Amino acid sequence: MGFKTANQAWRLRHTTGRTPRFATPQALWQAATDYFEWVDQNPWMKTEHFSTGRTNLSD
């Protein structure tokens with residue numbers, strides 16, 4: 001069940017889209033630089049496991 005044809009309910013909206021997370025471009029820039037500094041101080045260490053590819057190790 002969808003909307004009726006020629007539905008005008010969209011006109012009742014007070015805003016278009018969602019509200020922005022950052023009030024100013026400067027606030028966005030500050031949050032980005034804070035994040036980049038955090039990433040530099042907390043590197044992600046990846047551990048990989050290796051296999052010989054052999055299924056029977058007694059050979």
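Buried means under 20% relative accessible area, exposed over 50%, and partly exposed in between, with a 1.4 Å probe and protein chains only. The model is predicted, so local features need pLDDT of at least 70 and side-chain atom pairs count only at pLDDT 80 or more, while totals for chains, interfaces and linings use all residues. Residues are numbered from 1 along each chain as its sequence is written, and side-chain values use heavy atoms, leaving out hydrogens and water.

**Exercise 1. Overall form**

Work out how the radius of gyration of the protein chain stands against that of a compact globule of 59 residues.

Solution. Begin with the rule: the radius is taken over C-alpha atoms, and the globule value is 2.2 Å times the number of residues to the power 0.38. Next, look at the principal axes, along which the C-alpha trace spans about 75 × 45 × 10 Å. Finally, check burial: 0% of the 59 residues count as buried.

**Exercise 2. The helix and its patch**

Find the secondary structure of the protein chain, then say which residues make a nonpolar surface patch.

Solution. Helices (H or I, at least four residues) and strands (E, at least two) are DSSP runs, numbered from the N terminus. The protein chain has one helix and zero strands. Helix α1 covers residues 25-41 and includes Trp38. Together with Tyr35, Phe36 and Val39, Trp38 makes a nonpolar patch of about 450 Å². Such patches take residues with over 30% relative accessible area and no salt bridge, joining nonpolar side chains (Val, Leu, Ile, Met, Phe, Trp, Tyr) within 5 Å and like charges within 9 Å.

**Exercise 3. A charged pair**

Identify the partner of Glu48 in a salt bridge.

Solution. The criterion is a side-chain nitrogen of Lys or Arg within 4 Å of a carboxyl oxygen of Asp or Glu. Glu48 pairs with Lys46, their closest N and O atoms being 4.0 Å apart. Now compare accessibility: Glu48 is partly exposed at 49%, and Lys46 is exposed at 63%.

**Exercise 4. Before the helix**

Examine the phi of Ala6 and the C-alpha distance between Trp10 and Arg21.

Solution. Most residues other than glycine have a negative phi, and most peptide bonds are trans. Ala6, which is not a glycine, has a positive phi of about 65°. Ala6 sits in the segment before α1 and is exposed, at 64% relative accessible area. Trp10 is also exposed, at 55%. Trp10 and Arg21 are 11 residues apart in sequence, and their C-alpha atoms are 23 Å apart in space.

Notes
Areas by Shrake-Rupley, 256 points an atom, 1.4 Å probe, with all protein chains shown as cover.
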